[in-house]
Amino acid sequence: MNEVLVWLNDPQNWTGTRSTPGIGDQVAAHLAYTAVALLIAGGIAFPLGLVLGHTGRASWLVSVANGLRSLPTVGLLILLYVMVSPLVSGRGDAVYLVPTEIALVVLALPAILANTYAGVRNVSPAVRDAAFGMGMTGRQVLFRVELPNALPLVFSGVRSAALQVIATATIAAYVGLDGLGRYVYDGLASRQFGEMAGGAVLVAVLALLVDLLLALVQRVTVSRGVSGRFSRRAAGGDGRTARITELAAADPDDLSPAAGDPAATDPVPVPEGSGGRSTG
Amino acid sequence: MTSAAGSAPWDLFGYFADHREQVLELLWSHTWLSVLPVVVGLLVALPIGWLARRYRWAYPPIVSVTGLLYTIPSLALFVIMPTLLGTQILDPLNVVAALTVYTVALLVRVVADGLAAVPEDVLQAATAMGLTRLQLLRMVQLPLAVPVIAAGLRVATVANVSLVAIAATIGIPQLGQLFITGFQLSVSGPYYPPIVLGIVLCVALALLLDRLIVLSARLLTPWQRVVTAR
């Protein structure tokens, strides 16, 4: 444990030298890989999940995406690296970056897609019918009723995707990418235990902080009528705010604690046999 | 060893034929490295989950602490474990311990929720029949919670199979070793067979273990078949 503290307390490790980037740079690189992968995956999976959930069509796409989850992360990463890197060689970091980002996107897609889809499908039919009965158009129902109700599940998907991507970006250092994984593998290769475990501690802290940040965003954006998070006085029931306890109880996210799996196949067991799928 | 196999992805069978013994050995260590943490994790999670259910105030702290454990990336946990356990960095025990942590983190909440899902009238009926608290747990609550716990076990097992492979990058041999071999042989050009073989075996192992859990859960809950048959 001492070696870890020594390594973390060495200012040179933080500022870096001319040849080696400091911890700050590596954290920034790690976050950049994560952000790019999440934005691309979210840009594809979120709208797709909304449309599939709203129309109820082509649900096989969700099953296919879920099948991707049982792929071992390391294998996928190395396979993509071996496949893609010859095509982009000779352009600096692209050799490592392109295959890694593809792997990270493939990794993040299923969690976001399945949770968005399940979130929209799980909206109670009574609520959806009421919205249609009030004369809302399909688009209004999707964005004003289904999406707000689906948000908790969407967030749990995004959070588990973020954790997986952060964890896997660490492993990407094995094929040569920068980021915090560098310390783990460099320390392992040179038998510098402090560097190795220090890097691991930094990854864990980073993952916690990102999850915490997303949890805060979730808290701010999810309607209280959906999350059931009322102040004690309001919970006394003044009858002005509707509380949809049924939805909170049917939250099919039961199996994934705060978020998802740290690195590989995602355990959010949403899609099959979850709560209110009988909405058809 | 002369190899007749080429380097295309579909040459995985040739690769398997050439390295049969080694691959089977890797498959075996991969299997026990993924299964042992699930077994130990379940044994640890049962009493903690029961506590979280029995004493309501304990539920939120227990669930959030186990949730926090789940955010730690697996590679980080593999590497930090030696400091906590005093083991060598290459000791497979690190992997077992790290995956046990994840399994417990996942299952505690599942066990607590599974026990909570047992209908109140069933509990009252069992109590009225004179069952002691321990009998109640063993004969009523646990059997009725089997489907929920089995669902959690499936998630944990499939995740473990994939997580174990990561340990190969720090030098602990199992199926992930095939990815490393393929990576190292791909310096001059792509050499797919070991990588593809590793992926296929990992997915097959995950599917097989998943089926096993589904089957045993079905055997443990004979009344469910009657309900579905109706």
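Along its principal axes the C-alpha trace of chain B spans about 75 × 50 × 20 Å. Of the 230 residues in chain B, 44% count as buried, and among the chain B contacts with a separation of 6 or more, 70% are made by residues 24 or more positions apart.

Where the two chains meet, 45 residues of chain B are in contact with 41 residues of chain A. On the chain B side, at least two residues each are supplied by helices H3 (59–69), H4 (74–85), H5 (92–116), H7 (133–166), H8 (176–185) and H9 (193–220) of chain B. The greatest contribution to this side comes from H7(B), with nine residues. The composition by class of the side of chain B that touches chain A is set out here.

| Class | Residues on the side of chain B that touches chain A |
|---|---|
| Nonpolar | 31 residues |
| Polar | 12 residues |
| Charged | two residues |

The largest nonpolar core has 137 residues, and those with the most contacts inside it are A:Leu77, A:Ile78, A:Ala108, A:Val165 and A:Ala200. Helix H6 (residues 94–121) of chain A provides the largest share of this core, namely 16 residues.

Confidence in chain A calls for some care. The mean pLDDT of chain A is 79, and 80% of its residues reach 70 or more. Within this chain, confidence is highest in helix H3 (residues 23–55) of chain A, at 92, and lowest in helix H13 (residues 245–249) of chain A, at a mean of 47. Over residues 234–238 of chain A the pLDDT stays under 50, and the model has two contacts beyond four places in sequence for this stretch. Residues 246–280 of chain A also have a pLDDT below 50, although this stretch has 123 contacts in the model beyond near neighbours in sequence. Where pLDDT is low, the predicted coordinates should not be read in detail.

Notes. Residues are numbered from 1 along each chain as its sequence is written. Chains are lettered from A and ligands numbered from 1 in the order in which they are written. This is a predicted model: local features need pLDDT of at least 70, side-chain atom pairs count only at pLDDT 80 or more; totals for chains, interfaces and linings use all residues. Two residues are in contact if their C-beta atoms, placed from the backbone, lie within 7 Å. Helices (H or I, at least four residues) and strands (E, at least two) are DSSP runs, numbered from the N terminus. Ala, Val, Leu, Ile, Met, Phe, Trp, Tyr, Cys and Pro count as nonpolar, Asp, Glu, Lys and Arg as charged, and the others, Gly among them, as polar. A nonpolar core is a set of buried Ala, Val, Leu, Ile, Met, Phe, Trp, Tyr and Cys residues joined through C-beta atoms within 7 Å. A residue is buried if 20 or more other C-beta atoms lie within 10 Å of its own, exposed if 12 or fewer, and partly exposed in between; C-beta atoms are placed from the backbone. pLDDT is the predictor's confidence in each residue, from 0 to 100.
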